[in-house]
Amino acid sequence: MAAEQSAGSRRAFLRSVGVAGGAGVLYSAMGALGLAPVPDVRAEEYRAPQRNDFALTGRGGKKVLVLGGGIAGLATAYELGKAGYDCQILEAKDRPGGRNWTVRGGTALTDLDGRTQTASFTKGQYMNAGPARLPQSHVTLEYCRELGVELQVFTNQNANAYIYHESSAALAGKPMRWRTAKADVYGYLSELLAKATDQGALDARLTPQDKERLIAFLQSFGAIKGKAGGYAYTGTDRRGYSAEPGAAFDDGTVLSPVPTLSDVIASGVGQRFAFELGYDQAMLMFQPVGGMDAIPYALAKAIGQNRITYGAKALEVKDLPDGAEVTYKDVGGRTRTQRADFVVAAMPPMVMARLKHNLGTDITAALKYAVPTPVGKIGLEYRSRWWETDEHIYGGITPTDTDLATIWYPSYGHQGRRGTLIGYYNFGANAVAYSDLPHAHRLARAVSRGVKIHGDKYRTELDHSFSVAWHRTPHIEAGWVDWPSQTGPEYKLLNQPAGHVYFAGDWLSHVIAWQHGAFSSARKVVTDIHERVMAA
Ligand code: PHE
């Protein structure tokens with residue numbers, strides 16, 4: 001009764017806004033009531049500061065020093081610049097972007113162990129050493145639109161890529177296509193559930209009509225037999241073919257034999273399927289054409305090169321009664337000091353923690369509370385795109401249970417002559433195991449694993465390579481950080497200003513290890529600063 005009444009008044013309300021405001025208003029009002037077919041999900045409302053905000057207020061943009069020219073630092077200067085703030089970025093490296101880094105021929109890296117690599121990739125070949133895939137929901141795509149950064153599809157999930165498990169006895173050491181793994185796991189799962197349903201095992205939970213519909217679903221989902229066939233899974237062309245169907249009477253040969261239910265479960269391949277269900281990891285995904293670093297370079301250009309000082313290594317941050325001061329070593333080794341109304345520290349927390357500052361010991365402790373995650377990647381350039389020509393894999397990822405973690409096939413340059421794979425992208429202990437080695441040994445180890453999946457060409461077609469260990473990279477020192485808690489006092493402390501000093505970065509968001517987190521954190525700090533200036 002109450003429900004009917006409220007449905008009636010909901011309808012009346014919708015009718016009234018529909019009349020007054022047109023379909024758009026009606027639609028968003030329906031969304032607000034949870035009635036629209038697709039909810040209109042948005043990142044937190046953000047309004048960039050504008051020059052106009054200062055009109056007739058007697059106020060103006062203040063001077064802001066930004067420490068770090070990664071995505072958070074660049075976005076801070078870019079957004080504040082829209083309202084005429086006088087921003088200067090001090091960046092320790094000789095380039096913008098931080099972990100957003102695309103390695104091409106000639107790119108060099110000297111790591112914290114003093115080992116130098118210079119990439120010799122062929123022209124047109126590159127690896128995104130840091131971020132490499134953009135979800136459709138991320139604000140990063142809005143920045144690409146605003147900055148004119150052209151996008152192309154990044155293939156995160158490919159039915160033709162493999163799953164490679166060597167540690168379980170069943171099916172061990174044989175790469176299995178995702179499509180085959182899915183056919184078998186969904187098939188047997190459907191068989192079990194259909195049988196249990198049909199035999200009444202779920203009668204306490206299901207009405208007779210539910211049972212009928214569930215079984216109909218399972219027949220479609222698992223490609224299982226009907227009741228007469230005992231709902232058995234006996235294989236399907238979804239597994240793939242050992243001989244493709246062709247002309248006239250050639251109906252191909254479906255891949256066989258079908259492994260047993262027990263072997264499929266023991267192989268663990270089904271444990272991989274959750275990956276593509278992750279909110280951030282679902283297809284479609286995107287990447288900038290020509291390399292991820294198109295984003296920081298576009299930001300740097302929009303900010304103005306005269307506002308970014310490269311090779312500037314921060315030494316000290318001092319909060320003052322009416323501003324803040326930064327001392328740094330410039331590219332020539334000279335110590336310099338700059339003053340500003342505000343400082344935004346957009347550098348990794350564990351790096352910031354080592355700076356001299358007068359912000360208090362709680363700040364240092366909070367910065368050290370974030371736990372750095374080791375992350376590694378290797379790019380392998382091949383003379384031929386054998387994964388496309390021989391194995392029909394155009395982009396996507398092969399997860400493995402080896403220390404490589406994953407192999408990524410490039411989502412650019414399809415059908416070209418050469419191509420660059422990611423030969424490992426791993427975290428934690430695996431990343432440390434590789435980073436302990438000099439590059440040549442990392443390469444040898446990665447190739448020895450890859451050969452088991454792809455055969456000899458993984459070694460014989462290899463031409464150039466480059467590896468990065470983010471936790472051993474100067475001024476960066478981690479792939480990303482993890483907070484033991486994001487509800488405790490440490491995280492809270494760093495999300496508010498320490499006097500005139502603000503902190504920004506993906507590490508101050510709930511979207512860590514994504515550029516979206518860095519952009520969002522920058523927007524928050526920009527809003528905080530602008531509100532403070534407008535209220536002063
Ligand atoms: N954004 C990174 C990636 O997509 C790291 C990450 C992985 C973050 C998985 C969250 C989940 O690889």
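In this predicted model, an oxygen atom of the ligand is placed 2.7 Å from a side-chain N or O atom of R133. A ligand oxygen atom also lies 2.6 Å from an N or O atom in the side chain of Y425, and a nitrogen atom of the ligand is 2.6 Å from a backbone N or O atom of A513. Taken alone, the ligand exposes 310 Å², of which the protein buries 71% (Shrake-Rupley method, 1.4 Å probe). The residues around the ligand, with a heavy atom within 4 Å of it, are R133, Q281, Y425, W480, A513 and W514.

Local features need pLDDT of at least 70 and side-chain atom pairs pLDDT 80 or more, whereas totals for chains, interfaces and linings use all residues. Residues are numbered from 1 along each chain, and side-chain values use heavy atoms, without hydrogens and water.

Four cavities of 30 Å³ or more were counted; a cavity is a set of points on a 1 Å grid over the protein atoms alone where a 1.4 Å probe fits but cannot get out, and its lining residues have an atom within 4 Å of a point. The largest cavity has a volume of about 150 Å³. It is lined by 15 residues, of which F154, Q287, P410, Y412 and I422 are the closest to its centre. The largest share of this lining, three residues, comes from β24 (strands are DSSP runs of E with at least two residues).

The second largest cavity has a volume of about 70 Å³. Its lining includes R99, M350, W480 and D506.

Note on methods. A polar contact is a pair of N or O atoms within 3.5 Å; within protein, one must be able to donate a hydrogen and the other to accept it, and residues adjacent in sequence count only if both atoms are side-chain atoms. On a 1 Å grid over the protein atoms alone, a cavity is a set of points where a 1.4 Å probe fits but cannot get out, and a pocket is an open set with protein on both sides within 12 Å along at least five of seven lines; lining residues have an atom within 4 Å of a point. Grid points are joined across faces, edges and corners, and a volume is the space filled by probe spheres set on the points. Helices (H or I, at least four residues) and strands (E, at least two) are DSSP runs, numbered from the N terminus.
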